[in-house]
Amino acid sequence: MATIKLHGNPFSTATMRATASLYEKQLEFEFVMIDMKNGEHKKEPFLLLNPFGQVPAFEDGDLKLFESRAISQYIVHEYADKGTQLISSDSKKMATIRMWMEIESQRYDQVASKLVWELAVKPMYGLPTDPAAVEQAEGMLSTTLDFYEKTLSNSKYLAGECFTLADLHHLPTIHYLMNTPSKKLFESRPHVTAWVADITARPAWSKVLAMQPNLSDK
């Protein structure tokens, strides 16, 4: 029986981020489905795992964590000898990886998540999209992706020539945005386009997407 448990929802970007880390490390784990539409994440027993009522929550033996980026960093450090090497033992290379993880969290995700909300989540719930919010977020993301394009013109991945946690953390929002009009921000930049094609084709990521039931079957 797996000692690792991930409590979340397969459509949640944060859950997808943590799940991708587990699959890249080729770890066995138990996935505990949290029904967010029925508000399970705002009730006990889930609140005992994450008092802020957000997915995912993570357990490994007696260790309990929440926040997807903290979970993914624990996974890659604790199980460094397993699966894909997503970090580096070289302090300078690791500093670059950490820098890009900060850029993803503080620069990229701040606006990418707003676009996911406006263009992917709101339509699912029949809510109107705010065109002004979309325009502002696209402008900010465009500036960020200009820097990505420059970086990726000199290296295959953000932190060098190897796929790392810095790249992985982008996958959930990229997945949703590539199915919206905002995909033009990625497709208009050739090096970003090649990077997106590369990281979204990874077998571990395919396993993450396979966890999502087909909504048309419901």
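Trainee: Glu-59: buried or exposed?
Mentor: Glu-59 counts as buried, because its relative accessibility is 15%. Buried means under 20% relative accessible area, exposed over 50%, partly exposed in between (1.4 Å probe, protein chains only). Keep in mind that this is a predicted model: local features need pLDDT of at least 70, side-chain atom pairs count only at pLDDT 80 or more, and totals for chains, interfaces and linings use all residues. Residues are numbered from 1 along each chain as its sequence is written, and side-chain values use heavy atoms, leaving out hydrogens and water.

Trainee: Where is Glu-59?
Mentor: In strand S3, residues 57–60. Helices (H or I, at least four residues) and strands (E, at least two) are DSSP runs, numbered from the N terminus.

Trainee: Which side chain does Glu-59 make a polar contact with?
Mentor: That of His-7, at 2.7 Å. A polar contact is a pair of N or O atoms within 3.5 Å; within protein, one must be able to donate a hydrogen and the other to accept it, and residues adjacent in sequence count only if both atoms are side-chain atoms.

Trainee: What else is Glu-59 in contact with?
Mentor: Leaving aside neighbours within four places in sequence, its contacts include Thr-3, Ile-4, Lys-5, Leu-49 and Lys-64. Contact means heavy atoms within 4.5 Å.

Trainee: New topic. Which residues are buried in helix H9?
Mentor: Val-192, Trp-195, Val-196 and Ile-199 are buried in H9, which spans residues 190–200. Down the axis of H9, the buried residues fall within an arc of 100 degrees, so they line one face of the helix. That arc is taken from the directions from the helix axis to the C-beta atoms.

Trainee: What covers them?
Mentor: Helices H5 (131–152), H6 (165–168), H7 (171–177), H8 (184–187) and H10 (203–210) are included in the cover.

Trainee: Now the backbone. Where are the cis peptide bonds?
Mentor: One joins Glu-44 and Pro-45, with omega about 15 degrees. Another joins Val-55 and Pro-56, with omega about 0 degrees. Pro-45 is in the loop between strand S2 (30–33) and helix H2 (46–49). Pro-56 sits in the loop between H2 and S3.

Trainee: What about phi of Gln-26?
Mentor: Near 55 degrees, a positive value in a residue other than glycine. Most residues other than glycine have a negative phi. Gln-26 is exposed, with a relative accessible area of 64%.

Trainee: And what is phi of Glu-67?
Mentor: Near 80 degrees, again positive. Glu-67 lies in the loop between S4 and H3.
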